[in-house]
Amino acid sequence: MKFSIVAALVVVLAIGCESSSLVKRDIPAEIETLTKYFQDAIEKVKSHELISQAQGYLEEGKTQITPLTDKVQEHAEKIQEQMKSFVSDIEKQVRPMADNLQAQFMPLVDKMQAQFKPLADDLQAQMEQLFQTVVDQTKALLPPQ
């Protein structure tokens with residue numbers, strides 16, 4: 001940035017020296033052009049500073065967040081271990097009840113299957129007979145070959 005100020009001073013001095021020459025120039029327009037040029041240069045320098053500052057903030061944030069994420073990971077692992085034992089205890093308590101319930105329902109299910117099996121077999125036989133009747137009647141309607 002110091003270099004740009006020195007460069008601007010040199011340019012202004014050069015313009016001042018040239019203004020005394022024989023060639024007439026439009027000094028306000030040149031000064032305006034130079035002013036715009038230096039403003040653009042200053043904005044570019046500031047934007048580079050802002051970018052580097054933003055990158056610094058990001059790096060600083062990352063270094064602050066990393067230990068927190070490590071702690072969260074540790075807590076998550078501890079909770080998972082605690083949940084495993086909790087689920088295991090619940091399973092130990094529920095397993096006998098589930099086995100007992102299954103033992104009570106299995107005779108009922110077997111009894112229902114025993115009652116529905118003859119009905120299902122009878123229905124199947126009736127459907128096969130109906131299908132055969134339809135096939136026979138359809139054949140009877142066809143002309144002889």
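Author: Asp-121 and Lys-117 join their side chains in a salt bridge, 3.4 Å from N to O. Welcome! This is a predicted model, where local features need pLDDT of at least 70, side-chain atom pairs count only at pLDDT 80 or more, and totals for chains, interfaces and linings use all residues. Residues are numbered from 1 along each chain as its sequence is written, and side-chain values use heavy atoms, with hydrogens and water left out.

Reader: Why is the contact of Asp-121 and Lys-117 called a salt bridge?

Author: A salt bridge is a side-chain nitrogen of Lys or Arg within 4 Å of a carboxyl oxygen of Asp or Glu. The N to O value for Asp-121 and Lys-117 is 3.4 Å, so the pair qualifies. Both residues lie in helix H2, 4 residues apart, about one turn of the helix.

Reader: What makes Asp-121 partly exposed?

Author: Buried means under 20% relative accessible area, exposed over 50%, and partly exposed in between (1.4 Å probe, protein chains only). Asp-121 has 37%, so the middle class applies.

Reader: How many salt bridges are there in the whole structure?

Author: A search finds 3. Another one links Arg-95 and Glu-91, with 3.9 Å from N to O, and Lys-84 pairs with Glu-81, their closest N and O atoms being 3.7 Å apart.

Reader: Why are Arg-95 and Glu-91 about one helical turn apart?

Author: Because they are 4 residues apart in helix H2. Helices (H or I, at least four residues) and strands (E, at least two) are DSSP runs, numbered from the N terminus. Lys-84 and Glu-81 are also in helix H2, 3 residues apart, again about one turn.

Reader: Which accessibility class do Arg-95, Glu-91 and Glu-81 fall into?

Author: Arg-95 is partly exposed at 46%. Glu-91 is partly exposed as well, at 47%, and Glu-81, at 49%, is also partly exposed.

Reader: What makes Phe-105 part of a nonpolar patch?

Author: Patches are made of residues with over 30% relative accessible area and no salt bridge; like charges are joined within 9 Å, nonpolar side chains (Val, Leu, Ile, Met, Phe, Trp, Tyr) within 5 Å. Phe-105, in helix H2 (residues 27-141), has 44%, so the area condition is met. Other patch members include Leu-101, Met-106 and Val-109, and the patch totals about 750 Å² of accessible area (Shrake-Rupley method, 1.4 Å probe; for residues, only the protein chains shown count as cover).

Reader: What about the chain as a whole?

Author: The chain has 2 helices and 0 strands, and buried residues make up 2% of its 145 residues.
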